[in-house]
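Have the sequence and the 3D view open as you read.

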Amino acid sequence: MPIRLTRPSVEDLRPLVDAGRSGSLTYEPVGISHTLTVPTGYRLDRWSRVIGTSNDVFERACEAIRTWQIHRGAGLVVCADEPPTVDAVVALCAPLPIGYIDIVCRVVTAADLPDRFGFAYGTLSVHPEQGEESFTVIREADGTIVFEIVAVSRPRHFLARALPPVARILQRRATARYLDAMTSVVTT
């Protein structure tokens, strides 16, 4: 799990995407972010935010997910060759209190329905956690548009296992930045 002192460029992350194409997921079963039963030893976190009620909000939110804007808006460097479609690999570099950490994931599920759009990605070997995280925009029956993030994970890297409260704080901060990035996209 590479930790960097300086923020990398997108091209600095390209080798991680290339290596990730042949990498294996570090957990099973695939799809755990969409189930009600969490495997033993994993933690389930679910966050959501109402982001509006109009068709325009739904479309802007879908486009933000499709173009990785939520991740970029949360302060991550994103290297992806394609939108989040099944089997796409993305390399991310996230800020830490000091430095940056590389993260590589593979998209394992995707939804493109009239009232639901999003994806889930699973962790590859370059990731401090094991598990899945989903990012979904949902248009509810009453027209309310909700952005939902679901994470099913457990610490993988020795630092994450040694300092679980710190890992939780960092994960919560990242999630808050994702939610704020979505809010910013749909309100501007």
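First, some sorting: Ala, Val, Leu, Ile, Met, Phe, Trp, Tyr, Cys and Pro count as nonpolar, Asp, Glu, Lys and Arg as charged, and the others, Gly among them, as polar. This is a predicted model, where local features need pLDDT of at least 70, side-chain atom pairs count only at pLDDT 80 or more, and totals for chains, interfaces and linings use all residues. Residues are numbered from 1 along each chain as its sequence is written, and side-chain values use heavy atoms, with hydrogens and water left out.

**The cavity**

- A cavity is a set of points on a 1 Å grid over the protein atoms alone where a 1.4 Å probe fits but cannot get out, and its lining residues have an atom within 4 Å of a point.
- Grid points are joined across faces, edges and corners, and the volume is the space filled by probe spheres set on the points.
- The count comes to one cavity of 30 Å³ or more, and the largest cavity has a volume of about 40 Å³.
- Its lining is made up of A64, I65, W68, Q69, I70, H71, F119 and F135.
- By class, that's six nonpolar, two polar and no charged residues.
- Helices (H or I, at least four residues) and strands (E, at least two) are DSSP runs, numbered from the N terminus.
- α3 gives the most to the lining of the largest cavity, with three residues.

**The nonpolar cores**

- A nonpolar core is a set of buried Ala, Val, Leu, Ile, Met, Phe, Trp, Tyr and Cys residues joined through side-chain atoms within 4.5 Å; buried means under 20% relative accessible area (1.4 Å probe, protein chains only).
- The largest one has 35 residues, and Y121, F147 and M182 have the most contacts inside it.
- α2 gives the most to this core, with six residues.
- Leaving aside neighbours within four places in sequence, M182 is in contact (heavy atoms within 4.5 Å) with I51, A61, A64, I65, I70, V137 and F147.

**The rings**

- Rings of Phe, Tyr and Trp (its six-membered ring) pair if their centres lie within 6.5 Å, and planes over 60 degrees apart count as edge-to-face.
- The count comes to five aromatic pairs.
- One of them is edge-to-face: Y121 and F135, 5.5 Å centre to centre with 70° between the planes.
- This pair links distant parts of the chain, with Y121 in strand β6 and F135 in strand β7, 14 residues apart.
- Y121 and F135 are both buried.
- Ring pairs also link W68, F119, Y121, F135 and Y178 into a cluster.

Technical notes
1 Å grid on protein atoms, 1.4 Å probe; cavity = no way out; pocket = protein on both sides within 12 Å on 5 of 7 lines; lining within 4 Å. Buried < 20%, exposed > 50% of the residue type's maximum accessible area, 1.4 Å probe, protein only. Phe/Tyr/Trp six-rings, centres within 6.5 Å; stacked < 30°, edge-to-face > 60°.
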